Amino acid sequence: MKDVIKLEHGGGGRLMRELVEEVIIPAYRRNRVEGGIGLPEMDDGATIPIDGCNIVFTTDAYTVRPLFFPGGDIGRLAICGTVNDLAVMGAAPLALATSIVLEEGLPIEVLRRVVDSMNRSLEEVGVPLIAGDTKVVEHGELDKLMINASGVGLAERVVTDGGLRPGDRIIFTGTIGNHQLSLLSIREGLQFEAPLESDVAPLWDMIREVLRVGGVTAMKDPTRGGVAGALNDMARKSGVDILLWEEEIPIRGVVRSAAEMLGLDPLELANEGVAIIGVEREKAQEVLEAVRRDRYGRDAAIVGEVLEGKGRVILETLVGGRRVVREPLGSPMPRIC
Amino acid sequence: MCLAIPGRVLEVRGNTAKVDFGYGTTRDVDISLVDVEVGQYVLVHVGYAIQVLDEEEAEETLRLWREILNSSESRPQARRGE
Amino acid sequence: MGGLFSFRDRDLARLIVEKIRELEPPRPVKFCHVCGTHEWTITHSGLRALLPERVSVIAGPGCPVCIVPAREIDEAVWLALNGVTVVTFGDMYRVPGSERSLEDAKSLGGDVRVVYSVRDAVEMARREPGRDFVFFAIGFETTAPMNAIEIPRSPENLSFLVSHRLIPPAMELLVGMEDLNIDGFIAPGHVSTIIGMKPYLRFPQRYGMPTVIAGFEPLDVLMAVYMLLRQIREGRARLENEYTRAVTYEGNVRAQRAIEEVFETVDGAWRGIGVIPSSTLRLREEFSERDARKRYDIEVGPGRDIYPGCSCHLVIIGKITPRECPLFLKACTPEKPKGACMVSSEGTCRIWALESGL
């Protein structure tokens, strides 16, 4: 059943990677600017080197149901997702552009709330939205609203997701699994005494301080596919193994118990306000402290180390056993067995 | 073949109970297959309570394990010392 | 769930492993569990890396993904492509029948919905009375009681594609195969909360097979391995209950009665294994209007359980290891899976393919 698009092709896992590698990338003969990072690298952003400057460019589409969820909404998601993609490439965001597709019949009040939220996130990062486009499709053709956001940034030193070297440490800048689980829980009728909020947040300020400390060898934005997908990408591209210590992974108790309830692995759940940072051993502690000084980095932790290897992610479990962390296939689904 | 998770019963309303699965994660659970009261623990599978968990039994299990595991069987010298 | 019921303490694990090492027998021993969730616990906690060389734990036919016959998946796919909304657990969503999976049916326009509970299917059917719903009722004795209490009171537009199977008959089939040389059973804890301990007595008593009922925390599984090794050291096969906090001798009698009222036990096919006597549940006559197979005249062939050359059926019962299958990591890989054991995220072949050389 290879000839039809399935929902899982958008799940951020291996099926999506195969679709992009086998169908999309080979379609374009010109897929990079001379000397820059292009499409084949499938990194969080691409680079345009112009007389000594590294312009970083990224684009992403955002669809989420419901549009407004605890801790965020589709507007904040679009802005933060784009800013974070630029940030993990080492780029200060310069400007954003968004095109919004609306369903006929959508109350204008909903659009007003979304663009207002987008503005608040733009203000928080201090970056302008300088271009845009609006389209309307017939009722029923689209679920309410969809946003595509593009961003341009400037990087003094470009950081890729494939620069890890044995001995480096791995840092998670926050607790994992909050975003996707807060959405899944609404659908599965889970309630929480303290509401489980999405972690959607802009991380450029934090990463700017991290880059100032130095020693960063790789970074990645673990959205769909979770940290499992992102770490597998990083290990494969860097040609190393990553050893993860389960005991050190920052995860909120409510996320752990809700994930256990639904038979889900928190490592595979999407995050929207967490970055993965690979850093030289000597600088790891200093970088960790820089992250923790930021309001979105309070729960950051050193969660693993990089070893010689061939692209595997290995987890040392709570009881001292070891297992391979696999690249997720598609989007995680509640299991009963 | 069956993922079932323990949770504590917070409220009971007829055949439904509000159950806390830890750290404030709660969900409504059907309890028609068990007799349970508020404060007890139940084992929940796909939204239904399948068993009332015996708390003393849980503590007993841990105590028993520690006893077996620290028993002299594993430390022959200790046996001579008894 | 923190506190009382999460048995994950690393020091206690180290202590149990130390004891297991002391009881490691001179010749290799092979313990068999029959539960996808045991396999999940063993894999996700990396327990195999803790066990000594001569002690191995293999997975028998106990996860619905591996043993639901292709024909029954083809029935669900047929329904989804013929105007019926098929509601299923996530576990069965990607498993291929003879040709297609429910995921494929969805991408071809079928209405397939994944749920966490049969209650969600009941509520969906109530909310959309004009639409036909079928719930794909898979699972073992733990999942049958829920359907048994929902079926008599479910809305008119909801029927059930029943695919329940029973564990003890499958264990009996395994123990009857001398050449499997299993040295002990780890019995599934949650099935046992329903059926109790009695149905397992035959294994130590009639077959001399050490049997321990185990829970699903990492320490439960390690403790069960320790208890089996102790039985072997003592040379006396017994039925022991490691999961005393949840399993009683009688089991959940109310659940057993609910199953009895709505289902009858019949012979049934298991994917890749064939027919096992009195191993499958079928709706009783008085509930036939809730039986999807009676409500719709589903047209499907006999179903192709096994991909030509694939030996999943031998792996499923632990007769061979994945490496001994001719397709393993050649025609059949995690990226291009052929057999159910490579498709399922907890299938034995998939785990071996990805964990080799750990």
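How many salt bridges does a search of the whole structure find over all chains? The search finds 62. Keep in mind as you look around that this is a predicted model.

Glu109(A) counts as partly exposed because its relative accessibility is 43%, while Arg112(A) is exposed, with a relative accessible area of 52%.

Chain A also has salt bridges that join up into a network, linking Asp44(A), Asp161(A), Lys220(A), Asp233(A), Arg236(A) and Lys237(A).

Now move to chain C, where Glu172(C) and Arg202(C) form a salt bridge with their closest N and O atoms 2.4 Å apart. Glu172(C) belongs to helix α8 (residues 167–175) and Arg202(C) to helix α10 (residues 202–207), so this pair ties together parts of chain C that are 30 residues apart in sequence. Arg202(C) is partly exposed, at 23% relative accessible area.

Next comes chain B, which has two helices and five strands. Starting from the N terminus, its elements follow the order β-β-β-β-β-α-α. Of the 82 residues in chain B, 51% are buried.

How does chain B meet chain C? In this pairing, 42 residues of chain B are in contact with 53 residues of chain C. The size of an interface is often given as the accessible area lost when the parts come together. Between chain B and chain C, the buried area is about 4000 Å², and carbon and sulfur atoms give 64% of it.

Three salt bridges are counted between these two chains. One of the salt bridges between them joins the side chains of Arg153(C) and Asp30(B), at 3.5 Å from N to O. There are also 15 residue pairs in polar contact between chain B and chain C. On the side of chain B that touches chain C, α1(B) gives the most, with 10 residues. By class, that side of chain B has 21 nonpolar, 10 polar and 11 charged residues.

How values were computed:
Residues numbered from 1 in each chain as written. Chains lettered and ligands numbered in written order. Predicted model: local features only at pLDDT ≥ 70, side-chain atom pairs only at ≥ 80, totals over all residues. Heavy atoms only, no water. Contact = heavy atoms within 4.5 Å. Buried area = accessible area lost by both parts, 1.4 Å probe. Salt bridge = Lys/Arg side-chain N within 4 Å of Asp/Glu carboxyl O. Polar contact = N/O pair within 3.5 Å; in protein donor to acceptor, adjacent residues only side chain to side chain. Helix = DSSP H or I, 4+ residues; strand = E, 2+ residues; numbered from the N terminus. Nonpolar A, V, L, I, M, F, W, Y, C, P; charged D, E, K, R; others polar. Buried < 20%, exposed > 50% of the residue type's maximum accessible area, 1.4 Å probe, protein only.
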